[in-house]
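Please look over the structure shown below before reading on.

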Amino acid sequence: MKFADGYSTLLLVVLVVTAGACNSSPREEPPSGQQPPCFPPAYSVSPAIAKPGATVTVAAPAAACNPQYGSNARIQISVTDHSGAEVISARAPMTDAGEFTFTFTVPEESAVGEAIVTAMPHDIDWCDDTGKNNRATGIPQLELVSCATPVETFTITR
């Protein structure tokens, strides 16, 4: 459908161009024997329901690829309660392959309802909005993307 002002053609072009820009795969294969860093493994939160004073565990297995976090890697954990208050902010050890286990006690002052847990490698910018990928040094031709923060939830009850 074409509108009198020509916007339908522009919209189609924008959709086609934008759809191709959302690909996070490399444009070229890295040199033989080199593997680009990969994303962290998915993490889990258990139990799904907890009362203040209960213990909750946030954990991730080792990645099947090679994230290359290094021997001093840390994970940044944040827990935000239903009211929007950050009730936990901590760093914990993480392996070179992204594996970690972090246990915390639900604070007494936590609001009842769904709590949000984020776990991101600390001080590592795998993909940012500035166009600089500081994890892929020495491997040109990677297509940079913007990442959404991974989120898992659990419910706080009384």
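Q: How many bridges join strand 3 to strand 6?
A: In this predicted model, strand 3 and strand 6 run antiparallel, where strands are DSSP runs (E, at least two residues, with helices being H or I runs of at least four), numbered from the N terminus, and two strands pair if DSSP finds at least two bridges between them. Among the partners, Thr-57 is bridged to Thr-103 in strand 6. The number of bridges that join strand 3 to strand 6 is 6.

Q: Which residues of strand 6 form its covered face?
A: In a regular strand, side chains alternate between the two faces of the sheet. The uncovered face of strand 6 holds Thr-101, Thr-103 and Thr-105, whereas its covered face is made of Phe-100, Phe-102 and Phe-104.

Q: Which residues have the most contacts inside the largest nonpolar core?
A: A nonpolar core is a set of buried Ala, Val, Leu, Ile, Met, Phe, Trp, Tyr and Cys residues joined through side-chain atoms within 4.5 Å, and buried means under 20% relative accessible area, exposed over 50% and partly exposed in between, with a 1.4 Å probe and protein chains only. The largest such core has 24 residues, and those with the most contacts inside it are Val-58, Phe-100, Phe-104 and Phe-154.

Q: Why does Ser-110 count as buried?
A: Ser-110 is found in the loop between strand 6 (100-105) and strand 7 (113-121). Leaving aside neighbours within four places in sequence, Ser-110 is in contact (heavy atoms within 4.5 Å) with Asp-81, Val-87, Ile-156 and Arg-158. Ser-110 counts as buried because its relative accessibility is 0%.

Q: Which residue's backbone oxygen does the side chain of Ser-110 reach?
A: Residues are numbered from 1 along each chain as its sequence is written, and side-chain values use heavy atoms, with hydrogens and water left out. At 2.9 Å, the side chain of Ser-110 reaches the backbone oxygen of Pro-107.

Q: Over which residues is the pLDDT below 50?
A: The pLDDT is the predictor's confidence in each residue, from 0 to 100; local features here need at least 70, side-chain atom pairs count only at 80 or more, and totals for chains, interfaces and linings use all residues. The chain averages 76, with 62% of the residues scoring at least 70. Where pLDDT is low, the predicted coordinates should not be read in detail. The pLDDT is below 50 over residues 5-30.

Methods
Polar contact = N/O pair within 3.5 Å; in protein donor to acceptor, adjacent residues only side chain to side chain.
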